[in-house]
Structures are given as C-alpha cells and as structure tokens.
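Dear colleague,

Please find below the structure that I am handing over to you. My notes on it follow directly after.

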Amino acid sequence: MVDIHSHILPGWDDGARTLDESLSMLRIAAERGTTDIVATPHANSEFPYDAGAIQDRFEELRSAAGDLIRVHLGCDFHLSYENVQDAIENPDKYTINHKSYLMVELPDMIAPESARTVMSRLHQSGITCVITHPERNPRLRVRLDVLKECLQEGALVQITGQSLLGRFGSEAKTCAHQMFKQGLVHFIASDAHDCEDRPPRLDLARKYVGDRFGVAEAERLFDTNPRATLSGADIDDNTTENQEPRRKWYSFWT
Ligand SMILES: [Fe+2]
C-alpha cells in the first residue's frame with residue numbers, strides 16, 4: 001500500500017516528536033503492509049513550510065529508514081492567500097515528490113465559490129489538488145455538492161482510514177459511506193500523527209473497504225491510485241460517471 005498523508009518528519013510539526021518516534025511509526029506502517037509513505041508536514045500559520053529545512057529533515061528520516069520502507073515528501077497544504085500564490089508561482093514546491101499532486105485541506109470557513117476558484121487556478125498551474133478528509137469537516141460533509149464542484153475543477157478526494165473505523169465520530173463515518181456511494185473517493189490515507197492514537201496503519205481500513213465495497217475498490221484506493229501520485233501519473237478515476245451534472249452556483253458559509 002501507499003500512504004500519501006502522514007506527519008512522520010521528526011520534531012517538525014504536530015506529528016512525530018523525535019527520530020525514534022518517526023522510526024517506530026515507519027515500522028508500524030511497514031509491518032501492516034505499507035511499502036511507501038509520504039511525509040506531509042503542514043503548511044499553515046502554526047507550522048510554516050520551510051522547504052530547505054524540511055528537505056534536510058526528510059533526508060535525515062529517509063536515510064535512517066534504510067530499506068524498512070520508502071519515504072517520500074509532500075505537504076499538508078492549507079489554503080491561504082499566501083500559500084496559493086506561492087504554489088502557483090512554484091507549482092512543484094509542495095507537491096508529492098515534486099510531481100503534480102497536492103494535498104489540500106479546505107478551511108472550515110470558505111465560500112464555495114472561493115474553493116472552486118482556487119481549485120481551478122491551481123489546476124491551471126498544472127497541480128491536481130487532493131482534498132484531504134472532507135468527511136471530517138463539519139460544514140463540508142453536509143454539502144457534498146460543493147465537493148463535486150471542486151471535482152469538476154480537477155480536484156480529487158482523500159478520506160482518512162480511521163474515519164471508516166469511527167475514530168472521528170459517527171457523522172464522519174456516515175459521510176465517508178455517502179461519499180463511497182456517490183463515487184467521491186479517490187484515495188484513503190492514514191494522516192498519522194503518532195504510534196497509538198493515530199498510527200500509520202492502513203490494514204484495518206483496507207479490510208473494511210474490501211469487505212464492504214470489494215477487493216478491487218480497495219486495491220484502487222490503497223494502492224493503484226496513491227502509487228500514481230508518486231510519479232505524477234494519471235489515476236484510475238472511475239468516479240466520473242457517477243458525478244451529477246453541475247448545479248447552479250450559490251453561496252453559503254458566510
Ligand atoms: Fe494531516
């Protein structure tokens with residue numbers, strides 16, 4: 001499996017605190033069937049994205065990991081004016097392996113038209129936005145039509161494995177199921193932060209998906225699609241035919 005969302009850089013953000021903890025997380029991931037994991041440090045006001053320092057930390061971790069697991073670099077990109085401008089000017093700065101896929105967390109308070117405009121602008125810059133865990137966003141999960149609008153601008157969707165297992169509450173779990181029914185899921189990742197509460201395990205979620213939605217769907221969401229992000233290849237998007245036609249635009253989230 002390929003895990004495209006994790007906070008495993010040692011002592012950098014709110015994830016692993018030390019190199020030992022990072023390596024423990026990597027061991028958990030490898031033992032549970034993950035062959036490749038993407039370190040996605042935050043890029044927000046609390047944890048600014050210092051590309052040079054992050055690259056150094058990443059190299060340190062990758063060297064320490066050895067043959068245990070392949071480690072890649074990406075970013076947990078939060079939408080702000082400055083971040084978006086910088087990404088447009090430097091399209092491969094924040095993307096996974098400096099290719100084309102960018103993990104993007106939508107803020108709680110964003111006008112739908114703004115979300116759609118930003119997705120469109122980033123897409124025009126050659127970036128494919130992967131919207132992270134919308135099922136955990138209380139505003140977004142009750143407005144999946146907004147998500148569909150973003151998908152029509154080229155965005156894709158990642159849900160968190162633990163959402164399916166109930167870690168983020170019944171509403172997140174219910175929303176994740178609705179997203180499956182409507183063909184709105186392209187990736188499942190761990191968004192791991194530690195070894196116990198939010199570990200980098202995908203095996204349980206993969207079994208859950210396989211049991212309910214089939215082995216082929218699990219293969220697509222945990223392996224085929226996330227593996228494509230490592231090289232920047234197109235994904236297997238069998239969700240398009242399930243999407244509803246574009247709806248009339250109107251605002252909410254004032
Ligand atoms: Fe994250």
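Helices (H or I, at least four residues) and strands (E, at least two) are DSSP runs, numbered from the N terminus. The model is predicted: local features need pLDDT of at least 70, side-chain atom pairs count only at pLDDT 80 or more, and totals for chains, interfaces and linings use all residues. Residues are numbered from 1 along each chain as its sequence is written, and side-chain values use heavy atoms, with hydrogens and water left out.

Asn-97 lies in the loop between α3 (81–89) and β6 (101–105). Its phi is positive, near 55°, although Asn-97 is not a glycine. Because its relative accessibility is 24%, Asn-97 counts as partly exposed; buried means under 20% relative accessible area, exposed over 50%, and partly exposed in between (1.4 Å probe, protein chains only).

The iron site comes next. His-5 (NE2), His-7 (NE2), Asp-76 (OD) and Asp-191 (OD) coordinate the iron ion at 2.1 to 2.4 Å. Donors are N, O and S atoms within 2.8 Å of the metal (3.2 Å for Na, K and Ca); water is not among the atoms, so sites may look incomplete. The angles subtended by the 4 donor atoms run from 81 to 171°, so the arrangement is irregular. Four donors count as tetrahedral if all angles lie between 85 and 135 degrees; four count as square planar and six as octahedral if opposite donors are over 155 degrees apart and all others between 65 and 115; anything else is irregular.

Along the chain, the donors of the iron ion have the spacing H-x1-H-x68-D-x114-D. Distant parts of the chain are linked by the pair His-7, in the loop between β1 (2–6) and α1 (19–31), and Asp-191, in the loop between β9 (187–189) and α8 (203–213), 184 residues apart. Asp-191 counts as buried because its relative accessibility is 2%, and its phi is positive, about 50°, although Asp-191 is not a glycine.

Helix α7 (residues 170–181) has buried residues Ala-172, Cys-175, Ala-176, Met-179 and Phe-180. Seen down the axis of α7, these fall within an arc of 145° (taken from the directions from the helix axis to the C-beta atoms), so they line one face of the helix. The face turned away from the buried side of α7 carries the exposed residues Ser-170, Glu-171 and Lys-181.

Arg-116 is located in helix α4 (residues 112–124). At 18% relative accessibility, Arg-116 counts as buried.

Yours sincerely
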